[in-house]
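Hi everyone, thanks for coming. Let me put today's model up on the screen, and then we'll walk around it together.

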Amino acid sequence: MSHEVLGYAAQSPESPLAPYRFVRREPRTDDVEIRIEYCGVCHSDLHTARNDWQNSVYPVVPGHEIIGRVTRVGAGVTRFKPGDRVGVGCMVDSCRVCNPCQRGLEQYCVEFPAVTYNGRDRHDHSPTYGGYSEQIVVSEAFVLRVPEGLDPAGTAPLLCAGITTWSPLRYWKVGEGRKVAVVGLGGLGHMALKLASALGAEVTLFTRSPGKEADARRLGADHIVLSTDAAQMTAAAGRFDLILDTVPYVHDLNPYLPTLAIDGTLVLVGYLGDLNPVLNTVPLIMGRKSVAGSLIGGIAETQEMLDFCGRHGITSDIELIDMATINDAYERMLKSDVKYRFVIDMASLKG
């Protein structure tokens with residue numbers, strides 16, 4: 001059995017998102033059915049809608065920062081009940097048996113996780129459709145509990161932007177006494193500042209824009225370094241244990257490597273693709289420094305992040321929009337014209 005729902009979809013790389021009706025499955029034994037209240041807008045949504053990564057299968061219903069209420073549960077569900085406020089992030093399933101999955105690293109599943117949209121269901125191989133829609137049905141193992149007291153709209157981007165920055169902060173053991181820098185102040189960058197500060201680190205923002213100091217300090221930065229100022233960059237040499245690079249396009253990493261401390265690591269979380277210019281290995285070798293990458297987090301780690309945000313009152317800074325304005329929001333996002341994340345009020349999606 002299945003039922004029809006309304007969403008917004010891209011039908012081709014060139015077409016704007018528009019209303020689209022499609023089928024959701026009836027809940028299986030372990031499924032949770034969720035009425036979507038809010039859905040964050042991620043750069044990945046735009047890239048997939050426009051086939052920038054050359055892997056889009058149309059029609060595409062984007063959206064993987066989902067907050068909603070449980071409406072039904074399958075007979076075997078034990079963790080959720082109708083009425084619960086829950087979240088769904090970038091994954092809706094994985095093989096669950098490989099080494100990464102057994103370690104709680106479903107994002108690195110050797111069979112690749114079933115992603116929330118532009119993917120395939122592992123059981124019936126139907127296409128997955130995301131959160132730009134009225135409703136979603138997900139296995140309870142990939143549903144997250146939202147702490148009471150957090151603004152649900154501001155919580156939505158935690159399911160991608162939040163966990164993307166939280167996972168490397170936790171892996172590289174950020175806490176009191178650690179010095180962390182963040183490159184870029186956007187959807188990912190502003191969450192990195194908030195989370196690193198709440199973990200007790202001394203936090204610096206690298207930026208090319210001199211007008212961002214007040215906002216950066218409000219978000220948790222202790223220091224601001226203008227990356228276009230050679231004197232400021234020289235003064236920052238050897239300072240940072242960890243640099244989170246959140247910039248979503250190709251850029252030069254070399255200026256940041258000398259600012260790492262011995263054994264420091266620069267972690268790419270915003271950009272997928274070839275580096276240009278190439279890395280100069282001298283500062284890496286001379287200080288046992290590293291350049292690494294990190295994806296999102298596993299389900300347990302994402303719940304840990306949500307619980308941490310609940311205790312500290314952390315949500316994303318958002319601009320709430322109607323579903324009908326999503327194409328304008330995409331154009332604004334390309335211009336970085338949002339502070340700092342668009343979130344769709346799904347009540348604006350009318351049948």
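Which residues form a nonpolar patch on the surface? They are V282, I285 and M286, with about 370 Å² of accessible area together. Areas come from the Shrake-Rupley method with a 1.4 Å probe, and for residues only the protein chains shown count as cover.

Before going on, please remember that this is a predicted model, where local features need pLDDT of at least 70, side-chain atom pairs count only at pLDDT 80 or more, and totals for chains, interfaces and linings use all residues. Residues are numbered from 1 along each chain as its sequence is written, and side-chain values use heavy atoms, leaving out hydrogens and water.

Back to M286, which sits in helix 8, residues 282-287 (a DSSP run of H or I, at least four residues; strands are E, at least two; both are numbered from the N terminus). M286 counts as exposed because its relative accessibility is 68% (exposed is over 50%, buried under 20%, partly exposed in between, with a 1.4 Å probe and protein chains only).

Now for a contrast. I344 belongs to strand 17, residues 341-345, and counts as buried because its relative accessibility is 0%. Its C-alpha atom is 9.3 Å from that of A324, 20 residues apart along the chain.

Methods. Patches are made of residues with over 30% relative accessible area and no salt bridge: like charges are joined within 9 Å, nonpolar side chains (Val, Leu, Ile, Met, Phe, Trp, Tyr) within 5 Å. A salt bridge is a side-chain nitrogen of Lys or Arg within 4 Å of a carboxyl oxygen of Asp or Glu.
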